[in-house]
Amino acid sequence: MKQYDVMVVGGGPGGYVAAIRAAQLGLKTALVEKKHLGGICLNWGCIPTKALLKGAEVAHTLENLSLYGFSADNVQFDIKGLVKHSRDVSARLTSGIDYLMKKNGIDVIDGFARVVGKCELSVESGTQGSSVSETRYRADHIIIATGARPRSLPGIEPDGEQVWTYFDAMVPEKLPKSLLVIGSGAIGVEFASLYRDLGVEVTVVEVLDQMMPVEDAEVSAFATKKFKQRGIVVKTGTKVESINKSVEGVTCLLIDKNGNSEEVVVEKVLLSAGIQGNIENIGMETLGVETDRSFIKTDEWCRTNVVGLYAIGDVSGPPCLAHKASHEGVICVEKLAGVAGVHPLDKSNVPACTYSRPQVASVGMTEAQARASGRGIKVGRFNFQSNSKALAIGEAEGFVKTLFDQDSGELLGAHMIGPEVTEQIQGFGIAQALEGTEQQLMHTVFAHPTLSEAMHEAVLDACGQALHQ
Amino acid sequence: MSAIEAITVPKWGLTMTEGTLTEWLIDEGDLVAVGDAVADMETSKIVNTVESNVAGTFRRIVAHPGDTLEIAALLGVVADTDTSEEEIDAFIQSYVPESVAQTDLLGSGSDDTAEAATHVDAHTAVKEESKPQAPTNAALDALADGEDDSDVHASRYARQVAEQYNVNLHNVKATGRNNRISKADVIAAIQAAGGHIAAVVVDKTATAEPHRSTQNDSKVKATAVARRLAMKLGINLYDCRVSGSHGRVCKADVEAANALLNGAPVTLAAIATGAIEQAQATPEFEETPMSGMRKTIASRLQESKQQAPHFRLVIDCQIDQLSALRKQLNDAHPGVKISVNDFIVKATAMALVKSPEVNVQFDGENIRRFKHADVSVAVALESGLITPIVKKADALNLTEISNEVRSLATRAKAGTLQPDDFIGGTFCISNLGMFGIKQFDAIINPPQAGIMAVGAGEKRVVVDGNDTRVATVVTLSASFDHRVVDGAVGAQFMTDLKRFIENPALMLA
């Protein structure tokens, strides 16, 4: 039986990063992937959606050509072209991961892996139809990184035709006339924004009281307002009770928290009401691995209750973000390899980004959470309306909010909505990682003219020293 | 500063005391490299060729054909071209034969072997490097023109060079005595026409130092890479053959010269044909330098074997009960994967505590008895072997020992062990059971005084009273340092160990 020091199950941003780190540390490493390297992120998630959203950005620019002195008529759009662009980008990145595996001397095994005993894996290779072979492997350490998939709601199952998941929404054959999005987390909001910019009638239905429920309330309210201005119908505190599919479309029965019901007929429904971990058929029950609903339970070092078995990324629970998976991969491997100075992941330092229009980016506590913690806090705000670069590029909708601990000056949270905030949030992340104070941020020189100056001004405002508002 | 050197009568054979010069093979004014054939000599036993062990220009014939001289006597003088005649005269006057020249050049063989000494022909002993590519130079081309030059008065050496560089001797001006063309004359003619000569290279490797040119080589045609590389390696371009395009010294030429002058000696034939590069490309062996780990293992274990008087005690243990207990624990407890070796570590730790004279460190003079058993476990790595320590193993339970051994093994492979993790320990366990090894003897790791070699557990027939049955048996073979552990002490330790292994419930008590 072939023996490895580390075997990783799943080749997404958690799995392949863990494998690379293990190989860098000199451990004999193998990675088992059943479908495509890069996992959901590269192939059916983060990357292709950003490619599609770039198309949405282009659509938006075309709407405002006259502002810049342009005029154009007879602009054509073919959704297939945009979809092709996103698929091409995915393919390119997948081969990039392939190269990284080779470069690091990691054995990539194509197949479906199952844990069959402590430190033992069985991999099934071969597709249905052709002969399926089974190979066993021994590994001192097995890391489960099998990711997650869309969750169904009772009575609302995806069929790939009228009821979509993000898989379907990413490769539409043609644009639907109307789309109802169930769930307003990052996935739902991004698709809502994308399809709206491409001319589709969009309705967003969220069961909680706030669209984008995990974001800061002020940011959510602003986003909701902007969505509504764009013509997106947003219904919060509302549940999709049931759906009825017919040739005319999908009739959705909506019931709000006051019991009022409403029927909405749309061409397509997008089910984006959460995800569940892929823990089935991989041997978790055989070994008695502890799970919590659909996720694998782990300690701060990504260890499960079974010796030599670890879980990282989406399969080990929220926040279900690619960068959280990657960092867990590194921490898990460094810890088991005995690298000095490893720290567990501080989930409050994991930023969350939503690439809708306007973009949303946040890290740390919301204002409500900060206030609820009982400590004295300082709050600063700065509106992009007062940012020269934002005005120059015609995207001055949004703001930056910072929250500091009054005593220690620690950055407790930062919340941003507006142009390119997903690219700017890392600045606040760095401050947190370095445990910097508001003073140090104030003394940092931000280049002018940049959108990022809004970050600086928001910090100044927290200290009552805003210069440009 | 001109250096004046002597060509002297060599010693061939243990009994040679004198020789007679029969013929000079070079002429005054010729350039001489170390190993060049310079004269024929005869002794009572053989006729052989004197080879120069100095380099420079042959300036003065001292001995003449027919002269009989003692070994180490002066035959001729080699110096720089700018050394004055007076200086050479003075050198000859004051010359005293050196005893070093009396070393038998034919080696330790008897005179019989002298018969087998090869008569080294001028053509074979003194070889130029491979022909340079014909440079596209009219003046040089013209050197080749002319009638048959076989009767031109030239030294054998000069003729050889002329042939190699395609020079007709009619085109060479003789400057030597008696209007004889010397090698230097041919070289001068070639260089005057714009070509250049590769330095003479010898195939004598044991005694000779290859000739290194000191001429300013900035005018030598060479590729930019070759020039830079030559500078870096300290090679004079005049010492390189010319095989690059357009008559230039190229990188391969510099590397060949480097191999010769700075590296391992190579045969002339290889240089001449370029076979040296092929030979270097497909050697029969590959030299691997010893890594730090390898060197450490080598020196420590050698020292241990040499210093510590090892004696061995072998005992067989039935592990059926142990295996059953192991399965029970592993099935019930997902958080741990206990191996047979983990049990052996625990049993050994317990036995060590019972036999404190074994649980020691010994540095050759002082014995330290430890309160706790720090058991080292041998871990095989790709690059060698390391023995991380399970500290205070007697105080750990089976789960803790198992997890600690797993963690140590992974950290050993990742190279993250700290010195504290593997330096020290009071006893070592080395297990080759996974390779199917029945029994083996291990070498003690100093400063410990014992090591136990664990073989594979296998089904064997055992005797029970007067009946036989099948049991799973593992052979343990311990080596002890007899300076600090006596036979009876070791035997008691082994007896206790066997008892713990065969009654595993004791390990849970």
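Tutor: Chain B has a secondary structure of 17 helices and 19 strands, where helices (H or I, at least four residues) and strands (E, at least two) are DSSP runs numbered from the N terminus. The model is predicted, so local features need pLDDT of at least 70 and side-chain atom pairs count only at pLDDT 80 or more, while totals for chains, interfaces and linings use all residues. Residues are numbered from 1 along each chain as its sequence is written, and chains are lettered from A and ligands numbered from 1 in the order in which they are written.

Of the 509 residues in chain B, 38% are buried; a buried residue has 20 or more other C-beta atoms within 10 Å of its own, with C-beta atoms placed from the backbone. Contacts require C-beta atoms, placed from the backbone, within 7 Å. In chain B, 65% of the contacts between residues at least 6 apart in sequence join residues at least 24 apart.

Chain A contains 14 helices and 24 strands, and 47% of its 469 residues are buried.

The pairing in question lies in chain A: helix α3 (residues 46-63) packs on helix α4 (residues 79-103) at about 145°, with axes 8 Å apart. Axes are lines fitted to C-alpha atoms, for helices over the stretch in contact, and angles run from 0 to 180 degrees between N-to-C directions. From α3(A), the contact uses A:I47, A:P48, A:A51, A:L52 and A:G55; α4(A) contributes A:L82, A:H85, A:S86, A:R87, A:V89, A:S90 and A:L93.

Methods:
A residue is buried if 20 or more other C-beta atoms lie within 10 Å of its own, exposed if 12 or fewer, and partly exposed in between; C-beta atoms are placed from the backbone. Two residues are in contact if their C-beta atoms, placed from the backbone, lie within 7 Å.
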